[in-house]
Amino acid sequence: MNPSILPGRVIQGLRRLLNAIDVRVFAIAMAGVAFLFLWGLMASVFLPSQYNLKTGDVAQDLIRSPRTLTFEDKSQTAKLQQQAINQVPKVYTFDSSVLAGVEKNIGGFFDNVSLIVSQEKSAAQAKGQAYDPSRAVARIQALPGLPSISPAALTTLAGLGTDRLALVRTAVLDSEQLILEGNVTDDSLPTDKGRLKAVLGTRPLTGPELDAASEVGSAFLKPNNIVNQQKTQQARDQAAAQVQPAVITVQKGETIVSPGQVVTPGIESRLEALGLTQSGGRYGTLVGISLLTLLEILMLSVYVKKFERRARESRSLLFIGASLLILFGIIARVSVIEPLSPLIVPMAALGMLATLMLQTRLSALLVVISSINLAVVAGSDPQFILVGLLGGLSGTFLVTNVSRRRDLMVAGMLAALVVVAAAAAASQISETSWSRAGAAVAWGAGNGFLSMVAASGLITIYELFFNLPTPLKLLELADPTQPLLKELMMKAPGTYNHSVIMGNIAETAAEEIGANPLLARAGAYYHDIGKLNRPDYFIENQFHIKNPHDRLTPGLSKLAITAHVRDGVRLAKAEGLPPEILDIIEEHHGTTVLSYFYHKAQVSSGGQVDEETYRYAGRKPASREAAIIMLADSVEAAVRSLKNPTMKNIKAVIREIFNQRLRDGQLSESKLTFGDLDRVRQVFEKSLRGFGATRIAYPSRRDVQAAGRGEKIKAAPAAGKLQPQKTRANGGEKRS
C-alpha cells in the first residue's frame with residue numbers, strides 16, 4: 001500500500017463516521033462536550049489548594065493569590081458599619097405625663113412622712129416620753145416603693161416641724177417642675193440632678209434641709225425624654241446600609257500571608273474570597289460557573305437553530321464550532337499560568353478562522369463568548385475582555401472578503417495592530433504603570449503574531465480534515481492548473497470554455513445578490529466534469545466528427561446525456577471536492593426535461609411518450625449558488641446557439657429561460673427571491689452582450705494579391721454578418 005494514501009483514507013473514514021450520526025444527536029453531543037470542557041477549564045481556576053486557617057491562627061505556609069480578584073472585605077465592611085451605627089444619636093420621645101407622675105410620687109412621700117411623724121409624736125406624748133425621730137425613720141424606710149434615700153436625709157425630715165416640712169415639700173415640687181419643663185434623658189439625668197440641687201439652693205432652706213430636699217428630689221426625678229427603641233434601630237440600620245462595602249483588589253501573585261504571620265480578620269477575608277479556606281464559598285463559585293457556561297451554550301444553540309441553517313445541518317460545521325470554542329478556552333486557561341499573560345490569547349485568530357469556516361455572524365458570537373471566558377479565567381479584569389473583543393472582532397471583519405492566502409497574513413498584521421492599540425488603551429484605562437503598559441503592548445504584539453501563525457496553520461488543518469469550501473480552498477480549486485480542470489481543457493475544450501464563461505457570469509451574479517461568488521465560480525468550473533467520460537456526446541465538443549446521437553435512439557441518447565451528472569458526482573468525490581460543489585454538480589440540471597430528445601422521441605413514436613421519462617434524475621437546486629449555475633448553464637448555451645444574437649434576442653432568450661425554470665418549479669427550493677432573480681437576469685444581460693458583438697471580416701492573402709493586380713475580387717461579408725451555427729440542442733442537448 002502507498003503510505004501517502006493512508007492519511008487520506010483515515011480522514012475519509014472519520015468523515016464517514018461523523019456522517020453516520022444523526023445530525024440532531026450530534027448537535028446535542030457537541031453542546032454537551034463543549035459545556036463540560038468549558039466548565040472544567042473555568043472551574044479549574046477557582047479550585048486551588050485549601051488551608052484550614054482562621055483569625056488568630058499562625059500561618060505555616062507562604063500563600064499567594066492564584067488570580068486577580070476584586071471582592072468585598074466583609075470584616076472591614078462590618079467595622080465601618082459599626083462605626084456608622086455608633087455615630088447615630090438615640091431617637092427620643094417626649095413623655096408629658098412624667099411630670100404629673102413625679103409630682104404625685106413626691107406628694108405621696110411627703111404625705112406619708114407627715115403622717116408618720118404626727119403619729120409618732122402623738123404616741124410619745126401619750127406615753128409622756130420625748131419624741132424619737134429614729135422610730136419615724138424606721139417606719140418611713142419600710143414604706144413600699146420608696147426610692148433610695150439616706151437615713152440622714154430621712155432623719156432630717158422626721159425632725160422638722162409641720163411648717164418647715166411643708167416648706168421643704170413646696171421647694172422640692174417647684175424645683176422638679178422647673179427641671180422637668182425641659183428635656184431630661186437617661187444620659188442627662190446626673191446633670192439634671194445637679195441642676196435640681198442648684199435650684200433648691202435658691203430657696204430659704206437650712207443646710208440640712210437643703211441636703212434632704214436635694215436627695216429626695218433626685219431620688220424621684222425621672223427622664224421625660226424616653227428612648228424610642230424602634231426608631232433608633234431604624235436609624236442605625238439606615239446608617240449601616242449607607243456604608244459603602246470595603247472593596248479590595250488582590251493582584252495575581254500578591255502575598256496573602258507569610259509563614260509565621262498571625263491571621264487577621266482581613267487576611268481571613270482574602271483567603272475566603274479566593275476560595276483558599278475550607279470554609280470559603282467554593283460551591284457558590286462552581287454554581288455561578290455552571291450557570292454562565294449553560295447560558296453561553298444555550299445562547300449559541302438557539303442562535304444556530306434560528307439563524308444558521310448551514311451550520312445546523314452540517315456535522316462538520318457543528319464540530320468545528322465546538323472545537324474552536326474548546327480550543328480557545330484551553331488557550332485562555334493556559335495563558336493565566338505564569339509567566340504567560342491573558343493578553344497573549346490570539347482571539348484575532350479565532351475571528352479569522354470562524355469567519356472563513358462558519359461565516360461572519362456566527363464568528364462574532366464565538367468571539368464574544370470566548371472573550372467572556374477569557375475574562376473569567378483571568379480574574380474578571382476588564383482589560384482582557386476589551387482586548388479579546390476588539391482583537392477577535394477585527395479578525396472577523398478583516399477576512400470577510402479575503403481572496404488569497406496572503407490576504408490572511410495581511411489581515412493578521414492589521415489585527416495585530418488593533419490588539420496592540422487595544423492593549424495600550426486598556427492598560428492606560430486601568431491606570432497601570434508605564435512599565436506594565438509597555439509589557440501589555442509587548443504581549444499584544446505577540447498576540448498579533450501568534451494570531452497570524454495560528455490562523456494560517458489551523459485553517460489548513462481544518463480544510464484537510466473537513467473538506468471545507470473556504471474562500472482560500474475555492475480559490476485553489478478555481479486555479480486552471482488543477483488536474484481535473486487541465487484534463488477537462490484537453491479532453492473537452494468546448495465544455496471547458498463554456499464552464500469558464502459560466503464562472504465569470506455566475507460569480508458576478510452571486511456577488512450582486514449577496515451569495516458566495518467564489519463558490520459560484522468554482523461550481524461553474526466543475527459542474528460539467530462528468531462529460532470527461534464521453535466528451536464527444538456533447539455538441540460543444542464535436543469538432544470535425546459525426547454526431548454519435550445520429551445512430552442512437554432517443555432513449556439511449558437520454559441515458560448518455562444524463563449520465564454526465566452521475567459521472568460528475570463520482571469524479572468529484574474521487575477528487576475530494578467539497579460537498580457544496582458536489583451539490584452543485586448534482587443539482588445544476590435539477591429535474592428539467594431533455595427537450596430535444598423528448599421531441600425526437602415524440603416524432604419517432606407518434607407522440608406516445610411520457611415527459612417524465614425524459615427528465616434528469618437529479619435534485620432541484622437547494623442553494624442560491626446552485627440555482628445561479630442552473631440558470632447560467634442554460635442561458636450561456638442558449639445565447640451561444642442564437643443565429644442572430646442581437647441584444648434584443650439575447651434578452652428575450654434570457655427571459656424565456658428564467659420563466660421556463662420558474663414554471664417548471666426548478667427554483668422552488670433555492671431560496672432565491674423574485675428580487676434576486678431580477679438582479680441575476682440583469683447581470684446575465686450585461687455579461688452576455690459580448691455575444692452580440694461582431695468582428696470585421698478581413699480579406700484573404702489571395703484577395704489582397706488580386707487587388708494589387710487590379711483584378712475584381714468578391715466582396716467580403718458585411719461586418720456583423722454571422723454564419724449560421726450548429727445549435728447546442730442538436731445532439732448535445734446542452735440547453736436541457
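# Helices, salt bridges and a surface patch

Me: What covers the buried residues of α6?
Reply: The cover includes α4 (97-127), α5 (133-141), α7 (162-180) and α9 (207-220). Bear in mind that this is a predicted model.

Me: OK, and which residues of α6 are buried?
Reply: Helix α6 runs over residues 151-158, and Ala153, Leu154, Leu157 and Ala158 are buried there. Seen down the helix axis, the buried residues of α6 fall within an arc of 135°, so they line one face of the helix.

Me: Let me step back. How many helices and strands are in the chain?
Reply: The chain has 30 helices and six strands. It has 736 residues, and 44% of them are buried.

Me: How much of the contact count comes from residues 24 or more positions apart?
Reply: Such residues account for 78% of the contacts with a separation of 6 or more.

Me: What pLDDT does the chain average?
Reply: The average is 82, and 88% of the residues score at least 70. Over residues 1-6 the pLDDT is below 50, and that stretch has one contact in the model beyond near neighbours in sequence. Residues 715-736 also stay under 50, and for them the model has 61 contacts beyond four places in sequence.

Me: Back to α7 and α9. Which side chain does Arg164 meet in a salt bridge?
Reply: That of Glu209, at 2.7 Å from N to O. Arg164 lies in α7 and Glu209 in α9, so the pair ties together parts that are 45 residues apart in sequence. Both helices are also among those covering the buried residues of α6.

Me: Is Glu209 buried or exposed?
Reply: Glu209 counts as buried because its relative accessibility is 4%, and the cut-off for buried is under 20%. Arg164 has a relative accessible area of 33%, so it is partly exposed.

Me: How many salt bridges are there?
Reply: The count comes to 23. Another one joins the side chains of Arg195 and Asp192, at 3.0 Å from N to O.

Me: Where do Arg195 and Asp192 lie?
Reply: Both are in helix α8 (residues 189-200), three residues apart, which is about one turn of the helix. An α-helix has 3.6 residues a turn, so residues three or four places apart point the same way. Asp192 counts as buried at 4% relative accessibility, whereas Arg195 is partly exposed at 41%.

Me: What about Arg615, which side chain does it meet?
Reply: Arg615 meets Glu611 in a salt bridge of 3.4 Å, N to O. Here Arg615 counts as buried, at 15% relative accessibility, and Glu611 is partly exposed, at 32%. Salt bridges that share partners also join Asp583, Glu586, Glu587 and Arg619 into one network.

Me: Now the surface. Which residues form the nonpolar patch?
Reply: Val33, Phe37, Ile330, Val334, Ile337 and Leu340, with about 460 Å² of accessible area together. The elements giving two or more residues to the patch are α2 (23-45) and α14 (315-335).

Me: Where is Ile337 found, then?
Reply: Ile337 is in the loop between α14 and α15 (347-358). At 45% relative accessibility, Ile337 counts as partly exposed.

Conventions
Residues are numbered from 1 along each chain as its sequence is written. This is a predicted model: local features need pLDDT of at least 70, side-chain atom pairs count only at pLDDT 80 or more; totals for chains, interfaces and linings use all residues. Side-chain values use heavy atoms; hydrogens and water are left out. Buried means under 20% relative accessible area, exposed over 50%, partly exposed in between (1.4 Å probe, protein chains only). Helices (H or I, at least four residues) and strands (E, at least two) are DSSP runs, numbered from the N terminus. The arc is that of the directions from the helix axis to the C-beta atoms. Contact means heavy atoms within 4.5 Å. Patches are made of residues with over 30% relative accessible area and no salt bridge: like charges are joined within 9 Å, nonpolar side chains (Val, Leu, Ile, Met, Phe, Trp, Tyr) within 5 Å. Accessible areas come from the Shrake-Rupley method with a 1.4 Å probe; for residues, only the protein chains shown count as cover. A salt bridge is a side-chain nitrogen of Lys or Arg within 4 Å of a carboxyl oxygen of Asp or Glu. pLDDT is the predictor's confidence in each residue, from 0 to 100.
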